[in-house]
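Here are my notes from going through the model. Have it open while you read, and tell me where you disagree.

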Amino acid sequence: MALSERSSRQSLIPSFLYSSAASHKTLALDKIMLGSNLNTLSERSSPTRNVFVPSPSEPTKKIEMYSPQFYAACTFGGILSCGLTHMAVTPLDLVKCNMQIDPARYKTISSGFGVLLKEQGIRGFFRGWVPTLLGYSAQGAGKFGFYEFFKKYYSDIAGPEYATKYKTLIYLAGSASAEVIADIALCPFEAVKVRVQTQPGFARGLSDGLPKFVKSEGYAGLYKGLVPLWGRQIPYTMMKFASFETIVEYIYKYAIPTSKDQCSKSLQLGVSFAGGYVAGVFCAIVSHPADNLVSFLNNAKGATVGDAVKKLGLWGLFTRGLPLRIVMIGTLTGAQWGIYDAFKVFVGLPTTGGVTPAAATTAATELAKV
């Protein structure tokens with residue numbers, strides 16, 4: 001790579017992501033990512049030796065795995081992946097929310113877009129994009145950053161043997177813990193977004209919608225939908241991360257003839273998108289009833305969960321707006337994993353999941369040479 005190209009690329013990457021510090025104990029998550037050969041490696045090497053990932057353009061700078069710089073990179077990747085993708089599908093989200101709130105007028109996906117176009121014009125399709133961008137950027141930071149943290153934290157508690165044996169439970173626990181925190185950041189923005197999108201004339205966006213919402217329902221009203229939001233997002237995120245990790249592992253194991261470390265970066269990112277899309281379909285189905293509750297509660301002042309169930313009915317709670325949400329969430333989740341892993345590759349980190357035994361052997365061998 002030419003020197004000028006290196007400098008240009010490096011200038012886009014925050015320097016604080018890289019560290020030359022070199023002491024951190026290798027714990028259970030390393031075994032999940034690198035395979036059983038790590039036991040042999042740890043017997044032959046110092047217990048304080050750790051995995052370092054080189055900067056993409058400066059070999060003298062490295063990101064230490066599971067260091068503050070590593071989590072900072074994952075957090076920033078989460079901001080990009082969630083904020084940008086949710087903003088991009090604002091028109092779909094807007095039609096979906098209105099189908100949930102007013103099914104008499106928004107009967108189908110196509111007619112819903114027609115109603116919006118007729119009543120609000122092209123600009124109406126992007127109503128609420130600012131709270132969407134800010135809210136889901138904050139959520140993405142917590143979702144991905146804390147997932148990486150809790151995944152390692154719980155692996156270390158379990159120990160190498162149980163962390164490997166029960167890795168799916170580690171993924172589920174880590175993602176659930178991360179989402180609890182992430183939704184606290186998302187909830188106020190989600191409340192304003194739904195009100196702006198489903199009540200024309202309420203506000204133009206976040207700047208005037210937030211103070212109007214607070215004046216109407218108080219600051220506590222911003223968190224009225226937190227429990228339903230947890231009910232929607234925690235199962236969604238547990239499915240999103242656990243199924244993604246499993247799907248990607250199976251793709252590398254059964255669909256690709258070579259090990260992950262021998263695949264090109266573009267192929268690895270393609271696997272990330274495909275695995276994310278399939279995981280997103282499962283996510284949409286699991287979390288859809290709670291999504292209907294969130295839309296109903298944030299649209300109707302003083303409404304309760306019982307009011308929502310009575311109005312929507314159990315069948316409507318599970319099915320109203322579901323086809324559109326499957327398309328939206330599948331695309332969204334695939335794009336999120338693609339962007340997240342693309343950023344990790346950009347800063348020199350490996351893509352998420354899918355380390356096969358062959359790749360583990362190679363990785364362990366390389367570590368033994370350090």
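Predicted model: local features only at pLDDT ≥ 70, side-chain atom pairs only at ≥ 80, totals over all residues.

1. Let's take H5 against H14. Helix H5 covers residues 90-101 and helix H14 covers residues 322-346; the two pack at an angle of about 155°, and their axes are 10 Å apart. Angles over 145 degrees count as roughly antiparallel, so that is how H5 runs relative to H14. The crossing of this pair is left-handed.

2. Who makes that contact? On the H5 side the residues are Leu92, Asp93, Val95, Lys96 and Met99, and on the H14 side Leu324, Arg325 and Met328. By class, the contact of H5 with H14 has five nonpolar residues, three charged ones and no polar ones.

3. H14 also packs on H12. Helix H12 (residues 265-299) and H14 have axes that come within 6 Å, crossing at roughly 140°. Here the crossing is right-handed. The residues of the contact of H12 with H14 divide into 15 nonpolar, ten polar and four charged.

4. On to charges. Side chains of opposite charge can pair when their charged atoms come close. The count for this model comes to 17 salt bridges, and I picked out a few to look at.

5. Lys96, already listed in the H5 contact with H14, forms a salt bridge with Asp93, with 3.2 Å between the closest N and O atoms. Both residues sit in helix H5, three residues apart, or about one turn of the helix. Is this pair buried or exposed? Lys96 and Asp93 are both buried.

6. Glu190 belongs to helix H9 (residues 167-198) and Arg232 to helix H11 (residues 226-255), so the pair ties together parts that are 42 residues apart in sequence. As for burial, Glu190 is buried and so is Arg232.

7. The Asp208 and Arg204 salt bridge has its closest N and O atoms 3.9 Å apart; the cut-off is 4 Å. What about the accessibility of the two partners? Asp208 counts as buried because its relative accessibility is 19%, and the limit for buried is under 20%. Arg204 counts as exposed, at 69% relative accessibility.

8. Some of these bridges link up. Salt bridges with shared partners join Asp93, Lys96, Glu190, Lys193, Arg232, Asp291 and Arg325 into one network.

9. Have a look at Lys151 in helix H7 (residues 129-158). At 6% relative accessibility, Lys151 counts as buried. The C-alpha atoms of Lys151 and Gly174 are separated by 4.8 Å, although the two residues are 23 residues apart along the chain.

10. Last one: Glu179, in helix H9. Its relative accessible area is 0%, so Glu179 is buried. What does Glu179 touch, leaving aside its neighbours within four places in sequence? The contacts of Glu179 are Gln139, Lys143, Trp230, Gln233, Ile234 and Thr237.

Technical notes: Residues numbered from 1 in each chain as written. Heavy atoms only, no water. Axes fitted to C-alpha atoms, helices over the stretch in contact; angles between N-to-C directions. Helix = DSSP H or I, 4+ residues; strand = E, 2+ residues; numbered from the N terminus. Parallel < 35°, antiparallel > 145°, perpendicular 65-115°, else oblique. Left-handed = near helix turned anticlockwise from the far one by under 90°. Contact = heavy atoms within 4.5 Å. Nonpolar A, V, L, I, M, F, W, Y, C, P; charged D, E, K, R; others polar. Salt bridge = Lys/Arg side-chain N within 4 Å of Asp/Glu carboxyl O. Buried < 20%, exposed > 50% of the residue type's maximum accessible area, 1.4 Å probe, protein only.
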